[in-house]
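Here is my notebook from a first walk through this structure. Please keep the view open beside you as you read along.

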Amino acid sequence: MAPLRGESGVARAAPAPGSGINRRYEPRPDDASISAGAIQRKRIRVSRALTPRVRAGDTGEVDCQRAEAHLRLLAEDELRRPASAWGERRIRVGRVADLLTAIGALEDEVAGQIMADFDLALAARQGDDRGRRILLARLQRWPAAARSRPARPVSSGPPAPGPVPGRLVRLGQVIPVPGQAGGGEVYLLSYARTGPGHQLSLFVRSTRQDGPSGPEARTLEQFTATDDRGTRYQMMVRDLGGGTDGWTLMLAPGPPHDPQWLDLVTAPGQPVVRVGLNPPARSPQDATVTAAPVTASPGDHLLHAVAARLLAQADLAGFPLRHSAPRPGSLAPDAGEFGDVIAALQAAGALSPLSPVPGQFAALCARLHLTGHGITAPPARELPEPWLHMLEYDRRGQARTAPAADGGAAAAVALPGLDQITLAILGLHNCGGRTVVHMHASGPVNQVSYPGAELYYCPVTWIRDSGRRWHATRTLGQSVHADGTALRAQVVPPLSRAMTGIEVVATGRSAQARARLPLRWE
């Protein structure tokens, strides 16, 4: 291997395979370089609950030694760039570090120490006092920041699903609301007993669409309910947005039992509306749910998740389009860093060199006119069918697509557990020209909420309508709780009310779940 040269011009050789170097690098005050040879040689087996087997070789492992070496070499390479670009250099190295820790190729402590060494080296190279002070202050804050970051979920056994909501009831009931500001019709989609409490998922069709502080929220919080035992409840709006995105109402206090029905009153003096909470007997039109294992590598899964985000035009919570500004510290590189992502995945053994996905991703970037992505694989000639359907929609343009008519379709079904997370579908609605799915997530991964977590830990969710066209999804809002997260996801493009059913396909790193739902629009 060719020797490495720092800015001082002194050659330093990278370690040869099998050199047995096991001393971790300790920077000295007079040494601002980062040694590529200061690597503890080890391979750590990662739980299959977090990382499925790699397609080529099927070792069941990621190569932690190669991942650490790759990050150190990237840091060394960035130190050769002009000193004025220290901010961009740190963003690039930091994102690759976050990527490698997210897939389990690096421990948080190892990645944090490399970043601390890198900050020290950057500070030593700064010609202006202000830049040096910023970097040294960041270096002093690093230990506290590392301690405050949520731990990556780890399991030594098979994938553990999250707790399934104790009760799911499909409702499909329309209730008129007094004709005042925020009034109109309330579409009750489902009732669910979840970890945070008993909840109703709904949306309101009215002349005004405001957020939680608007008249709709005040109208909904006037609702009261009485159960079959005579217990009375108030309604509380869960902090999850509102308006065209829909609403989640929590019963307060939480019922100590499973009510058989609720007598709902929308406002003082209004008539009582009974809402039955006994699930009907199963009919041939009910949802059907299946599950099967998958063998995609962690890198394949990640790139498919990124592609879904791009096609759904997601924001900085995922990998943004080229018009989105990168955000320091997030897991959202711009298009120019896709090549860095693929190189890091391959170095860690999380992406096979024989995988077709990098070439498919390069072709997708070309179709989306994303230039400078840094992907070296030649563009593939064929793309997955869901990607093609989304590209056809993008080419037609939203202006040429008839807006989805307002309405709701009730649903209440739980998917099998996927990589320590369980998803429940609680209904969907069309409002304001878009389709929104109400969901609930539970399980250990539910508590991981630092930026970009959804991209790496949550299943990739696609929807295929009864016309056999694919739709991507993107998260509109979420309300995180230790016992469960309420979610609302937008379906892109929106569903037409002419669709009589959908198939929801959620793919995790080790398994895939499918739910076929009949749609009866109200």
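**Entry 1: the whole protein**

I began by noting that this is a predicted model. I looked up the make-up of the protein and found 10 helices and 22 strands. Next I checked burial: 52% of the 522 residues count as buried. I also looked at contacts with a separation of 6 or more, and 64% of them join residues 24 or more positions apart.

I turned to helix 6, which covers residues 298-311. Helix 6 has 14 residues, and I read 20 Å from its first C-alpha to its last, close to the 20 Å expected at 1.5 Å a residue. Is helix 6 mostly covered or mostly open? I found it mostly covered, with 13 of its 14 residues buried.

**Entry 2: helix 6 with helix 8**

I then looked up how helix 6 packs with helix 8, residues 357-367. I noted an angle of about 15° between them and axes 10 Å apart. That angle makes helix 6 roughly parallel to helix 8, since angles under 35 degrees count that way. I wrote down the crossing of this pair as left-handed.

Which residues of the two helices meet? From helix 6, I listed D300, L303, H304, V306, A307, L310 and L311. Their partners in helix 8 are V357, P358, F361 and L364. Sorted by class, this contact has 9 nonpolar residues, 1 polar and 1 charged.

I moved to helix 3, residues 108-125. Helix 3 has 18 residues and reaches 26 Å from its first C-alpha to its last, close to the 26 Å expected at 1.5 Å a residue. I found 13 of the 18 residues of helix 3 buried, so this helix is largely enclosed by the rest of the structure.

I then looked at helix 1, residues 64-78, which packs with helix 3 at an angle of about 15°, the axes being 11 Å apart. Helix 1 and helix 3 are therefore roughly parallel to each other. I noted their crossing as right-handed.

On the helix 1 side I listed E68, L71, R72, A75 and E78, which meet V110, I114, D117 and F118 in helix 3. By class, I recorded 5 nonpolar, no polar and 4 charged residues in this contact.

**Entry 3: helix 1 with helix 7**

I stayed with helix 1 to look up its packing with helix 7, residues 338-347. I read an angle of about 145° for this pair, with axes 8 Å apart. Here R66, A67 and H70 in helix 1 meet A343, A344, Q346 and A347 in helix 7. I sorted the contact into 4 nonpolar, 2 polar and 1 charged residues.

**Entry 4: M390**

Last, I picked M390, which lies in helix 9, residues 385-396. Is M390 buried or exposed? The relative accessible area of M390 is 2%, so M390 is buried, as the cut-off is under 20%.

I looked up what M390 touches, leaving aside its neighbours within four places in sequence. Its contacts are L311, A312, W462, W470, H471, A472, V492 and P493.

Key
Residues numbered from 1 in each chain as written. Predicted model: local features only at pLDDT ≥ 70, side-chain atom pairs only at ≥ 80, totals over all residues. Heavy atoms only, no water. Axes fitted to C-alpha atoms, helices over the stretch in contact; angles between N-to-C directions. Helix = DSSP H or I, 4+ residues; strand = E, 2+ residues; numbered from the N terminus. Parallel < 35°, antiparallel > 145°, perpendicular 65-115°, else oblique. Left-handed = near helix turned anticlockwise from the far one by under 90°. Contact = heavy atoms within 4.5 Å. Nonpolar A, V, L, I, M, F, W, Y, C, P; charged D, E, K, R; others polar. Expected span 1.5 Å × (residues − 1). Buried < 20%, exposed > 50% of the residue type's maximum accessible area, 1.4 Å probe, protein only.
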